[in-house]
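Please look through the structure shown here before reading on. The numbered points that follow take up its side-chain contacts one group at a time.

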Amino acid sequence: MYTVPSYVTYRTEEDAIYITSELYRNTVRLTDHGLQKEFINLTRCGGCAELNTPLTRYLHEQELLVTEEELDHALHQVRSLLDNIFMVTLMPTEGCNFRCLYCANPDTIDACGGKPTPAEEILRMATDQKPFFGRRGGVTFSGGEPTFQAAALVPLVRQLHGAGIHVCLDSNGGVWNPAVEELLGLVDLVLLDIKQADPERHRTLTGRDNAQTLRTAAWLEEHGKPFWLRYVLVPGYSDAEADIRALGERLGGYKQVERVEILPYHTLGVHKYEAMGKEYRLAGVQENTPEQSERAAALFREYFPTVVVN
């Protein structure tokens with residue numbers, strides 16, 4: 001018996017479905033609609049199936065399908081970091097003000113490139129999946145940069161709250177206007193992506209300085225809004241001891257920072273650049289070794305009580 005892990009999530013894009021395992025940091029794409037439907041059904045029902053279908057065989061080959069014994073071990077490791085395993089419905093949005101060199105979703109940068117999804121459909125999807133959220137699951141709006149859509153998200157977040165659904169916002173904090181302020185005041189949790197503490201190194205990495213991002217962090221602290229710091233560890237760009245200490249010294253005293261997530265650099269989005277005919281500007285940059293990730297975590301722990309390597 002093999003199990004489709006609960007931490008495997010999916011998202012659709014045009015005629016393809018992307019399947020992601022955060023634990024293995026592995027992404028595959030399925031274009032066969034039959035496999036897409038089978039995968040969705042398996043994940044929604046908690047996902048147990050004999051290894052006897054095209055999809056389960058494919059996932060097993062990609063190391064996204066594991067034996068019961070291996071899954072138990074993996075879940076034990078995850079539970080050591082989280083209070084419980086929970087399901088999150090990810091809602092990507094289009095448009096971004098940053099141009100991160102390592103962006104894994106270059107297809108979401110253009111604010112005019114996506115297919116609109118009515119708010120009613122998002123609410124229906126979230127309500128349908130609510131039984132699988134667990135105590136801490138819910139809806140996360142990501143991107144692109146979701147604050148580009150702040151005015152539209154405000155009433156939707158109110159509707160999701162009305163349905164008893166936890167709402168999280170994954171943002172770079174670089175956009176500010178009255179609608180963004182209202183949105184930040186409504187959501188239950190903010191995942192604040194801080195790319196660099198140094199403004200010029202931040203500009204090199206993203207094309208913009210970090211002044212507004214740091215002001216957003218200060219606003220969250222002042223207004224008692226819980227948030228997580230998320231930091232992508234890019235060799236040569238954001239992994240120096242000075243980089244990490246500068247961020248720790250700037251935000252280490254904040255009481256609203258519930259945890260710091262270190263996101264090791266990966267190249268999972270490179271195939272998208274190839275498909276879009278764009279240059280991937282970090283070609284040749286190697287992924288972090290476990291030792292490099294743990295070294296960064298040790299530095300962050302000097303400033304923050306809860307630090308995890310994702």
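**Notes on side-chain contacts**

1. Arg245 counts as partly exposed, since its relative accessibility is 22%, and Glu241 falls in that class too, with a value of 37%. This is a predicted model, and in it Arg245 and Glu241 are joined by a salt bridge whose closest N and O atoms are 2.8 Å apart. Both residues belong to helix α9, where four residues, or about one turn of the helix, separate them.

2. In total the structure holds 10 salt bridges. Another of them brings together the side chains of Asp243 and Arg201, at 2.9 Å from N to O. Because Asp243 lies in helix α9 (residues 241-251) and Arg201 in helix α7 (residues 199-206), this pair ties together parts that are 42 residues apart in sequence. Asp243 is buried at 5% relative accessibility, whereas Arg201 is partly exposed at 32%.

3. What does the charged end of Arg259 sit over? It is placed over the ring of Trp228, 4.3 Å from the ring centre.

4. Turning to the rings, there are four aromatic pairs. One of these, between Tyr231 and Phe300, is edge-to-face, with 5.4 Å from centre to centre and 70° between the planes. Since Tyr231 lies in strand β11 (residues 227-233) and Phe300 in helix α11 (residues 290-300), the pair ties together parts that are 69 residues apart in sequence. Tyr231 is buried, with a relative accessible area of 1%, and Phe300 is buried as well, at 0%.

5. The rings of Phe300 and Phe304 form a tilted pair, because their centres are 6.3 Å apart and their planes meet at 45°.

Notes:
Residues are numbered from 1 along each chain as its sequence is written. This is a predicted model: local features need pLDDT of at least 70, side-chain atom pairs count only at pLDDT 80 or more; totals for chains, interfaces and linings use all residues. Side-chain values use heavy atoms; hydrogens and water are left out. Rings of Phe, Tyr and Trp (its six-membered ring) pair if their centres lie within 6.5 Å; planes under 30 degrees apart count as stacked, over 60 as edge-to-face and the rest as tilted. Helices (H or I, at least four residues) and strands (E, at least two) are DSSP runs, numbered from the N terminus. Buried means under 20% relative accessible area, exposed over 50%, partly exposed in between (1.4 Å probe, protein chains only). A charge sits over a ring if NZ of Lys or CZ of Arg is within 6 Å of the ring centre and within 35 degrees of the ring normal. A salt bridge is a side-chain nitrogen of Lys or Arg within 4 Å of a carboxyl oxygen of Asp or Glu.
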